[in-house]
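Here are my notes on this model, point by point. Please read them with the structure open.

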Amino acid sequence: MTTNAQPQLRADNIDEVLKAMTLEEKAKLLVGGANNFFGANAVVGGEADLVAGAAGTSPAIPRLGIPATVLTDGPAGVRINPTRRGTDKTYYATAFPIGSCLASTWNTELVGKVGEAIGNETKEYRCDVILGPGMNLHRNPLCGRNFEYYSEDPLLTGKIAAAYINGVQSQGAGVSAKHFAVNSQETDRTSVDERLSQRAARELYLRGFEIAVRESNPWTIMASYNKINGEFSMGNHDLLTKILRDDWGYKGIVMTDWIGIREGLPTTREVQAGNDLMEPGQPAQVEEIIKGVKEGKLDIKDVDRNVRRMLEYIVKTPSFHKYPASNAPDFKAHAAITRQSACEGIVLLKNNGTLPWKGGIKTVALFGENSYDFLSGGTGSGCVHPPYVVDMLQGLENAGIKSSETLTDIYRKYIAYARVKFQAERHPAKWYQTEMMGQQKYPEISLSPIAIDKEVRTADAAIITIGRQAGEGVDRDIDTEFNLIPEERALITDICNTFHAAGKPVIVIINSGSVIETASWSQYPDAILCAWQPGIEGGNSIADLLTGKVNPSGKLTMTWPIAATDHASTKNFPGQIDFYTFKEMAGNKRPIAGHTYTNHEEDIYVGYRYFDTFQKNVAYPFGFGLSYTTFEYSKPKCYQYIHKNDGVVIQITIKNTGSVAGKEVVQVYVEAPKGRLEKPAQELKAFAKTRELQPGESQILTMTIPVRDLASFDEANSQWITEAGTYTFRIGASSRDIRATVSLALKEYTEKTSNALAPQQKLKLLTQ
Ligand code: BGC
């Protein structure tokens, strides 16, 4: 019932509700609610217990029929507390494959299905928004959160994110595309100033978000903690209004990352900049907004604009529609989609012909502690509490393959001991090293030659799982997390020597969310499978691939360098230390180095854009991944499709020339003509994945590249420009395996943008 005094919110009376709101109510609506993520209780609104373990809420205003909405992490599944006080009922959620694994499928349709399943669990657990996808670029392999993110390439990031978002939102739940923007390091993430050229920002770090906004209209976007060229993202008018809304036409809400009040950034400035929801809110922020308006420092129009956006968001949510959440998602259906998507995201890096296993492999010696404590996902806010994880042991057993009982006994006992030891010795500052923050990684143990010798006598093959864990709050260490530790090296060489001497194969499974060093040891095993952190069905997915039930079709979405330091960003990762603060830790004051800024000297030369332009050797190139079959690429056709988007159409026929069925990921790299602006040697501009092709079967793939997508960012004129000239379309199976090329002359195309995010200091760039 609507009365003039107290209208009740509906999708068609937002103006009326806005008019009826007091200044206090408006301010309240902009300041987010509960924060039980950090264990604290409600600070505004009292909605903390709506969904235990959810990251936050937007406040309710019952007088006007405005419900609270619930925001939960994300992105690999619903992160809520698995148990609740006063009930035996459990609230486990499916851990889906992590971002890097999902992207490695290069299959937008499949990622859409994963999105649908995640959207469904979000709703069934009485949440409104999942805080994902994570869309930051893999600028450097050491970033602790790379596992949550998709790629070093913005086109792939944007397309995969759009598929995920469309999937989630098709269920009537929302997403929060994060972290907007340039949040490619964890070190000092809340204070660091990311200094970069407007071109690198537009072409790389913002581009994925732009694609996602244009192709999937996310309900919400999360502003990152860091600064960009001197201004916090959360209070950055250039970023949140000029680029996001004026240039890209974004209509949803922006929320802050989880920090509440922050030093040096008034809430009023965040409101002005176009930040609609402060998370997690603090009462003082409500007061600040009210005071700002009363004192004339904050225009009520800015407040009204943001409140309107909040109301537009709220009327879309399950909470508004009083969706009867079941708290019982369909785990069986979601396990199936997890298993399938992991199978397509796992990348076969090496195979000397040993895979797939035929019937000859009946018993396998499983080495490596993560074979028995398989890592389904990463740590921090990106972790999920799943009901189970299928480890390697279980996965092989389900496929009818036996494992060594002695090794199972050794590793199980070790893991039980390591878990206790780890928690007992945990440094108090390492908040992310608890089970509530995700599965932990325990140090690998050595095995004596006698133990290995015993196994070779009974096993038909050996598997060594090399595990790596990483997550929010810290970047990765080169020596212990990127490189192999001595125990792991010894395992690989000793097992390969012993098993090869007996004519038996060795397969290494990489169970890591991020890139690791491979160049120094990849010659030893017969096959290497990068399984990432593939979700709860991990062991089953890997067994499907080992046994040939599924043919691998995943391809890398980032370059695997020979050394971690090979990336051009190394010089400025994680940035410049120029202050020290003292923090109280375990009773002592310890100096903490502060990275106040990170210069993006490498500019647009991130990932393969650097390795390919400067012709550097790599361990595995961007786009690489093996199959059990072979594919033939036909001579491509290319023509320009003249309509309002002026697309370039590439058509190619892919034929399965091998003996088993399989899917191929076809990538189109574009080499631009020499023009006024410098260009990388090549850039990914389109991709497509075939359906499963039977031996001898072909499929015609048609890919359209809007001329706009070929443009570079011209800072001098604040515009996108596709310079006139001949463009070469290089079509291949990876960035270094080009199978066919075709060229086309194009006319100049330009598109004006706002002049935003100009650097405050002169930046020294790689090519200057
Ligand atoms: C993370 C976000 C997360 C939020 C809520 C922050 O610390 O950076 O990714 O969504 O916490 O848990």
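1. Start with Ser 170. Ser 170 sits in the loop between helix H5 (154-169) and strand S4 (174-180). Look also at Gly 112. Ser 170 and Gly 112 are 58 residues apart in sequence, and their C-alpha atoms are 9.4 Å apart in space. Keep in mind that this is a predicted model.

2. Next, the ligand site. Which residues come nearest to the ligand? There are 14 residues around the ligand, and Asp 73, Arg 145, His 179, Asp 257 and Glu 472 come nearest. The shell around the ligand divides into 6 nonpolar, 2 polar and 6 charged residues.

3. Arg 145 places a polar side-chain atom 2.8 Å from an oxygen atom of the ligand. For Tyr 225, a polar side-chain atom also lies 2.8 Å from a ligand oxygen atom. Lys 178 has a polar side-chain atom 2.9 Å from an oxygen atom of the ligand. How much of the ligand does the protein bury? Taken alone, the ligand exposes 310 Å², and the protein buries 100% of that. The space that the ligand takes is the second largest cavity.

4. Strand S4 leads on to Val 182. This residue lies in the loop between S4 and strand S5 (193-195). Phi of Val 182 is near 55°, a positive value in a residue other than glycine. Is Val 182 buried or exposed? At 1% relative accessibility, Val 182 counts as buried, because the cut-off for buried is under 20%.

5. Trp 106 also calls for a backbone check. Its phi is near 50°, again positive in a residue other than glycine. Trp 106 is found in the loop between helix H3 (99-103) and helix H4 (108-124). The relative accessible area of Trp 106 is 1%, so Trp 106 is buried.

6. One runs from Gly 132 to Pro 133, with omega near 5°. Pro 133 lies in the loop between strand S3 (129-131) and H5. A cis bond also joins Leu 355 and Pro 356, with omega about -5°. Pro 356 lies in the loop between strand S10 (347-351) and S11.

7. Helix H6 comes next. Why is H6 described as largely enclosed by the rest of the structure? Because 8 of the 8 residues of H6 (residues 198-205) are buried. Among them are Arg 199, Arg 202 and Glu 203. Gln 198, Ala 200, Ala 201, Leu 204 and Tyr 205 are buried too.

8. His 600 is worth a look for its side-chain partner. His 600 lies in the loop between strand S17 (588-599) and helix H19 (608-613). With a relative accessible area of 0%, His 600 is buried. Which side chain does the side chain of His 600 contact? It makes a polar contact with the side chain of Glu 194, at 2.7 Å.

9. Now Tyr 372, a buried loop residue. Tyr 372 lies in the loop between strand S11 (363-367) and helix H13 (392-398). At 7% relative accessibility, Tyr 372 counts as buried. Tyr 372 and Gln 285 are 87 residues apart in sequence, with 48 Å between their C-alpha atoms.

10. Glu 435 is in the loop between helix H14 (405-425) and helix H15 (449-458). Its relative accessible area is 38%, so Glu 435 is partly exposed. Glu 435 and Gly 380 are 55 residues apart along the chain, and their C-alpha atoms are separated by 10.0 Å.

11. Last, Gly 696. Gly 696 is placed in the loop between strand S22 (683-689) and strand S23 (698-706). At 45% relative accessibility, Gly 696 counts as partly exposed. Lys 358 is 338 residues away from Gly 696 along the chain, and 22 Å separates their C-alpha atoms.

Notes
Residues are numbered from 1 along each chain as its sequence is written. This is a predicted model: local features need pLDDT of at least 70, side-chain atom pairs count only at pLDDT 80 or more; totals for chains, interfaces and linings use all residues. Side-chain values use heavy atoms; hydrogens and water are left out. A residue is near a molecule or strand if one of its heavy atoms lies within 4 Å of it. A polar contact is a pair of N or O atoms within 3.5 Å; within protein, one must be able to donate a hydrogen and the other to accept it, and residues adjacent in sequence count only if both atoms are side-chain atoms. Accessible areas come from the Shrake-Rupley method with a 1.4 Å probe; for residues, only the protein chains shown count as cover. On a 1 Å grid over the protein atoms alone, a cavity is a set of points where a 1.4 Å probe fits but cannot get out, and a pocket is an open set with protein on both sides within 12 Å along at least five of seven lines; lining residues have an atom within 4 Å of a point. A molecule sits in a cavity or pocket if more than half of its atoms lie within 2 Å of its grid points. Ala, Val, Leu, Ile, Met, Phe, Trp, Tyr, Cys and Pro count as nonpolar, Asp, Glu, Lys and Arg as charged, and the others, Gly among them, as polar. Buried means under 20% relative accessible area, exposed over 50%, partly exposed in between (1.4 Å probe, protein chains only). Helices (H or I, at least four residues) and strands (E, at least two) are DSSP runs, numbered from the N terminus.
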